[in-house]
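Let's walk through this fold together, starting from a strand and its neighbours and ending at a residue in a loop. Have your viewer ready.

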Amino acid sequence: MDSVQSPDWPVAPQGALSANSATARYGSPPPVPPPVVGRATAPPPRPAGAPYPPSAPSSAAMGPAPRPAPPIPVKILIAGGFGVGKTTTVAAISEIQPLTTEAEMTIAGLGVDDPGQRFDKTTTTVAMDFGCVTIDRSLKLYLFGTPGQARFGFMWDDLARGALGALVVVDSARLDDSYPAIDFFERARLPFVVGVNAFDGRLAHDLGAIRWALAIGDHVPLVQFDARDRLSVRDALLVVLDRALVRATRDKRA
């Protein structure tokens, strides 16, 4: 079959555009813009002489985050007569295994160490008790229990050094055993709180009569607590802290 050349489609000279091509009909295609990389718009011109803005510090340049401050140590004495519950008080609240210096009572102590009506008491503190409890992130109490016998009275001055307050534990059935401890802290001018230990959940006298018998002023807090109960001991120690804070604030103002 003979080929037919359409007059509408003229043959383009060699090297020229065909009349039927898109370029010949519509002209050159618009240039395609390059893809945007980074900033979409140019930054505003910086005035001459203006300082460059500081760059944000990297986490490596800032260094590790600061550690929280350790809690403030506060020394509190747990004092009182023989067999009033000082060791039990420290053991009930301490968050660590308390350090005790308990020794078996022997017949040599008959007539010297009188436990009163506590016939089940078979040991006695011969040096001190130690425990600690964290109140919050900023405060930690270090508890030092004193020996109750009069022959260990020489240790009280050393144990009281650096203490901010004291809890004087009292047995309501043997109030006369509490006089030496109260006299000691009054002479030492150390803030103290009288805590009446409720043996068997009851007191031999009401708190008003106990305050009168101990001859302590109204400025000395008098509380009832149970030395075996952690929350009860905590509440008594918080009263000691409040008493010590009042004394510290007053001394600072003076």
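Which residue in S5 is the bridge partner of Lys 75? The partner is Tyr 142. Before going further, please keep in mind that this is a predicted model, in which local features need pLDDT of at least 70, side-chain atom pairs count only at pLDDT 80 or more, and totals for chains, interfaces and linings use all residues. Residues are numbered from 1 along each chain as its sequence is written, and side-chain values use heavy atoms, leaving out hydrogens and water.

Strand S5 covers residues 139-145; strands here are DSSP runs of E with at least two residues, helices are runs of H or I with at least four, and both are numbered from the N terminus. Of the 7 residues in S5, 5 are buried, meaning under 20% relative accessible area with a 1.4 Å probe and protein chains only. Strand S1 (residues 72-80) pairs with S5 in the parallel sense over 7 bridges, where pairing requires at least two DSSP bridges between the strands. Strand S4 (residues 129-136) also pairs with S5, in the antiparallel sense over 7 bridges.

Now turn to Ser 172, in the loop between strand S6 (165-171) and helix H5 (179-188). Ser 172 is buried, with a relative accessible area of 4%. Leaving aside residues up to four places away in sequence, Ser 172 touches Val 196, Leu 203, Ala 204, His 205 and Ile 210, a contact being heavy atoms within 4.5 Å. Val 196 lies 24 residues from Ser 172 along the chain, yet their C-alpha atoms are separated by 6.4 Å. The side chain of Ser 172 also reaches the backbone nitrogen of Ala 204 at 2.9 Å.

Conventions
Buried < 20%, exposed > 50% of the residue type's maximum accessible area, 1.4 Å probe, protein only. Polar contact = N/O pair within 3.5 Å; in protein donor to acceptor, adjacent residues only side chain to side chain.
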